[in-house]
Amino acid sequence: MPSTPPEPIGTAAGDRSTIFRVLANPLRRRMLAYLQQHREANSTSLAKALGESTGTTSYHLRKLAELRFVEEIPERSTGRERWWRALPIQLEAPDPSTMDPAEFAALADRAREQATHDIDLYYRVLTQYEGPEGPAQIFRGGFWMTKEELSGFLREYKELQWKYGHADPREAPEGARMMALRMFVIPEPPEDPPGQ
C-alpha cells in the first residue's frame, strides 16, 4: 500500500532556520541519503561508507535525531552500538515574505548545497540512461499555464509521488530503489512585443 504524506516537519522538531541549517550541511545530507538508500546503519558503517570518523558520524546522527530526521532502531541497538533509520520527511519552503533573515539565509545555504548535488544528478542521468524503460530519465517541457492551472498541476504531481512512491523503506516492495525526483518550474521571461 502506498505511503501517505507525513505531517510537515517544523514546529515539533525545531524552528525553520534550524531545520534548513541542518539540511544545508553536506555531511548530514550525505548521511540521510545513505540511510534512505540502505535503510539502516550505525555510526561505524556510516563512517566507513562516507570516509569520516565514527565520532563525527555519531555526533551528526544525534543532531539529526533531535530534529526527527532519523530515529534509533531499539531492537538492533546493543550497548554502545546504536543503529539508525531515516524517517519520512516532507518539507516545503514557506513564502519568503514570512521568513526572518536567519531563516532565509539558512534556506539559501541549503539551496546552494542542493544545486551542486542536483547538477551531479543531472550528469548521472545522462551517463546512466538505459532507454525509455530504464530507471534514469529526464523530462523537459514547456506549456502555457495560468497561475491556477500551475497550482493544480503541482498539487497533482505531489499526489502522484505519494500514490506510487514509498517514503518509508519498510513499506516499499521487494526490489524498490530510492529514486531521486527533482522538478523546478519557473516562468520564461516575457518576450518583447513585435517590432521592438
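The lining of the second largest pocket divides into two nonpolar, five polar and four charged residues. The model is predicted.

**Second largest pocket**

- The volume of the second largest pocket is about 220 Å³.
- Its lining consists of Asn-42, Ser-43, Thr-44, Thr-54, Ser-58, Leu-61, Arg-62, Arg-80, Glu-81, Arg-82 and Trp-84.
- Helix H3 (43-50) and helix H4 (54-66) each contribute at least two residues to this lining.
- H4 gives the largest share of the lining, four residues.

**Ser-43, a lining residue**

- Ser-43 belongs to helix H3 and is among the residues that line the second largest pocket.
- Ser-43 has a relative accessible area of 15%, so Ser-43 counts as buried, the cut-off being under 20%.
- Not counting residues up to four places away in sequence, Ser-43 touches Thr-54, Thr-57, Ser-58, Leu-61 and Arg-82.

**Largest nonpolar core**

- The largest nonpolar core has 18 residues, and Met-31, Leu-46, Leu-64 and Phe-69 have the most contacts inside it.
- Helix H1 (16-24), helix H2 (26-38), H3, H4 and strand S3 (83-86) each supply at least two residues of this core.
- The largest share of this core comes from H2, with five residues.
- Leu-64 is in contact with Val-22, Arg-28, Met-31, Leu-32, Phe-69 and Val-70, leaving aside neighbours within four places in sequence.

**His-60**

- His-60 is located in helix H4.
- The relative accessibility of His-60 is 10%, and therefore His-60 is classed as buried.
- Beyond its neighbours within four places in sequence, His-60 is in contact with Asn-25, Leu-27, Arg-28 and Met-31.
- Arg-28 and Met-31 are contacts of His-60, and both are also contacts of Leu-64.

- Strand S1 (residues 41-42) runs antiparallel to S3 and is joined to S3 by two bridges.
- In this pairing, Ala-41 stands opposite Trp-84 of S3.
- Strand S2 (residues 70-72) also runs antiparallel to S3, with three bridges joining the two strands.
- Here Glu-71 stands opposite Arg-85 of S3.
- Trp-83 and Arg-85 point one way from S3, while Trp-84 and Ala-86 point the other way.

How values were computed: Residues numbered from 1 in each chain as written. Predicted model: local features only at pLDDT ≥ 70, side-chain atom pairs only at ≥ 80, totals over all residues. Heavy atoms only, no water. 1 Å grid on protein atoms, 1.4 Å probe; cavity = no way out; pocket = protein on both sides within 12 Å on 5 of 7 lines; lining within 4 Å. Points joined across faces, edges and corners; volume = space filled by probe spheres on them. Nonpolar A, V, L, I, M, F, W, Y, C, P; charged D, E, K, R; others polar. Buried < 20%, exposed > 50% of the residue type's maximum accessible area, 1.4 Å probe, protein only. Contact = heavy atoms within 4.5 Å. Core = buried A, V, L, I, M, F, W, Y, C linked by side-chain atoms within 4.5 Å. Pairing = 2+ DSSP bridges.
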